[in-house]
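Welcome, and thanks for taking a look. Below is a short tour, arranged by topic, to read alongside the sequence and the coordinates.

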Amino acid sequence: MNNNMKEIRLSGSGGQGLITAGIILAKAAVIDGYRVTQSQSYGPESRGGASRADVIISKEKFYYPEATKFDVLLALTQEACDKYSPNLEENSILIADTTFVKDIIVQEANIYEIPFTNIAKKELGTALPTNIMSLGFMVKLTKVVTQVSLKKAVQDYVKKQYVDLNTKALKIGFRLANDPAKYSGENSG
Amino acid sequence: MAKYSKKNPVVLMQGNEAIAKGALAAGLDFFAGYPITPSTEIAEILSEELPKKGNRFIQMEDEIASIAAIIGASLAGAKAMTATSGPGFSLMQEGIGFAKMTETPCVVVNVMRGGPSTGLPTKPSQGDIMQTRWGSHGDSPAIVLYPESVLESYQLTIRAFNLAEKYRTCVVLLTDEVLAHMRESVMLPDLKNVKLIHRIHPTIPPEWYKHYEENPKYISPMASYGEGYRFHVTGLAHDAYGFPTNRSDEAAVMMDRLKKKITHHLRELIQFETFMMEDARSAIFAAGITARAAKSAVVKARKSGKKVGLIRPLTIWPFPDDALRKYFHNVRTVFVPELNQGQLLNEVKRAMGSVWNYESRKTRNIVPIQKNNGELITPQEIISTMKEVK
């Protein structure tokens, strides 16, 4: 892993808030003083279909705006996990939402299996802030940006009426990263 | 590392947002358009911002009406713009030709997506390069700019307005889906340091005014409707006052001016970037988002000792023929990566062919790297091709 540059891919399906999560992560990186690009790929539909957001966070100048090898891959669906996890390398980090990801085909990466969607439903009564929860988990775990900046970015970006909900989700994400092994190997569908 | 400062904050900005902001900085008074992916954010932002300054935003019934509306607004003195993507850009061709023929300043943004027809709405392409040159019928001038970053989207939007106003023509700003939708950390320049050009209005008595005056620079002052000057606007060949003519001598003067206002100002119009070309033995020619992959490939290839550089046009039309001849003179292979089936490739061949093959009697390799499936060309793909060719 290049210490000066982190390539992060957030993947899943349309409607899971991955592009929003990418924008928030990129905004946090700007607050921390990094160079950053956030790019995306999505289909014409507003829900469903494959969706991904790439965030590149770097101390130095870089050119290509899409992630080519992933330092961190977040996969919120089985399809996304199958499609992108073959690009993972030995030191890469894979974070999978085991609510939907049942089968992880790679072994090289550091793998974290957390049922984010189920936890969101259980603790917050809605799956909506799953994106922010998983972002919180990832940031606490990888330190790609500071938690303070991420919190500020979330609160700046989401609509007023959702700030509380997303702040709660973020805190749960941070908490989950204290004991990331808690859920591994557990099939929590 | 870019440092955060209160005066010039580094912000995360989207490409389309930078175009909207650039247009406002350039003094945009009027926008008419019809929303289309991946250009919609431009209209969205301007629909909010223009009314704040008491200016007009109109959502038209289609793209034909949109281009007509901005031409009308410009004739009344406004700095006017529209933004669209391939399908809408096709519909606008007649209007673009009319703006060029009537020498009416305006800016058209075309955010390229996969084509032909409605194609791949949410995927990038560079398939409209030739359409921006020859999309409208008849010989017509073309000034087309293509940025590679969010910051440059801002800067070249301002430049597009400046050139439109100065040269009295329709200037096209090309971009692509990835560039338009991606966000980058940017520090916008101070508005105080941004040079703005406004069309020159006539100062002579109204009875002396010619809307298309002959002069050595091929660009004449332009009155606005309602200013007290009388002129006629038609797509037909016209005389100096704008009235239709069938006379070959008058048509020749008009056609000559349309051509020479470009060819006599190439030095100002053509902008290109050279990247690590000093000692290059092979080179890449790439524009827009593909140049980002190319730069990444150049940096990586240099690390493994390969002497490679890049020429990147910021002005696509007029094409930088002289730059290619100068900088590619000593290289053995030129790689042309692009998100289409060879639109830049053929221009590179045309620009270089006559200079090289006869003099040196060597075969120069011009190697295409093409993709049009809606995905970007990656740095690795460029590097792989460079290894294959040797």
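A residue is called buried here if 20 or more other C-beta atoms lie within 10 Å of its own, with C-beta atoms placed from the backbone. By that criterion, buried residues account for 51% of the 189 residues in chain A. Please keep in mind that this is a predicted model.

**Chain A as a whole**

- Six helices and six strands make up the secondary structure elements of chain A.
- Following the sequence, these elements of chain A come in the pattern β-α-β-β-β-α-β-β-α-α-α-α.
- Chain A has a radius of gyration of 15 Å, close to the 16 Å that the globule rule gives for 189 residues, so chain A is as compact as a globular protein of that length.
- The C-alpha trace of chain A spans about 40 × 40 × 40 Å along its principal axes.
- If you take the contacts in chain A between residues at least 6 apart in sequence, 58% of them join residues at least 24 apart.

**The five-stranded sheet of chain B**

- In chain B, five strands form an open sheet with mixed pairing, in the order β10-β12-β11-β14-β15.
- Which strands stand at the edges? They are β10 (272–275) and β15 (365–370) of chain B, and each has a single partner strand, so one side of each is left without a neighbour in the sheet.
- From one strand to the next, the twist averages 20°.
- Strand β14 (residues 333–338) of chain B pairs with β15(B) in the parallel sense, over six bridges. B:Glu338, for instance, has B:Gln370 in β15(B) as its bridge partner.
- Helix α11 (residues 288–303) of chain B packs on the sheet and touches β10, β11 (282–285), β12 (308–313) and β14 of chain B. The direction of α11(B) makes about 165° with that of β12(B).
- Helix α14 (residues 379–389) of chain B also packs on the sheet, where it touches β11, β12, β14 and β15 of chain B. The direction of α14(B) makes about 145° with that of β15(B).

**Two domains in chain B**

- Chain B is divided into domain 1, covering 11–193, and domain 2, covering 275–389.
- Between the C-alpha centres of domain 1 and domain 2 of chain B there are 27 Å.
- Domain 1 of chain B brings 24 residues to the contact, and domain 2 of chain B brings 20 residues.
- On the side of domain 1 of chain B that touches domain 2 of chain B, the elements giving two or more residues are β6 (120–124), α6 (129–134), β7 (143–145), β8 (170–176) and α8 (177–181) of chain B.
- α6(B) gives the most to that side of domain 1, with four residues.
- By class, that side of domain 1 of chain B holds 14 nonpolar, six polar and four charged residues.

**Where chains A and B meet**

- How many residues of chain A are in contact with chain B? There are 21 residues of chain A, in contact with 23 residues of chain B.
- On the chain A side, α1 (18–31) and β2 (35–41) of chain A each supply at least two residues, and β2(A) gives the most, with six residues.
- The side of chain A that touches chain B divides into ten nonpolar, seven polar and four charged residues.
- β2(A) also pairs with strand β9 (residues 183–186) of chain B, in the antiparallel sense and over two bridges. Here A:Thr37 has B:Glu184 in β9(B) as its bridge partner.

Key: Residues numbered from 1 in each chain as written. Chains lettered and ligands numbered in written order. Predicted model: local features only at pLDDT ≥ 70, side-chain atom pairs only at ≥ 80, totals over all residues. Rg over C-alpha atoms; globule rule 2.2 N^0.38 Å. Buried ≥ 20, exposed ≤ 12 C-beta atoms within 10 Å, placed from the backbone. Contact = placed C-beta atoms within 7 Å. Pairing = 2+ DSSP bridges. Axes fitted to C-alpha atoms, helices over the stretch in contact; angles between N-to-C directions. Domains from an automatic or database assignment. Nonpolar A, V, L, I, M, F, W, Y, C, P; charged D, E, K, R; others polar.
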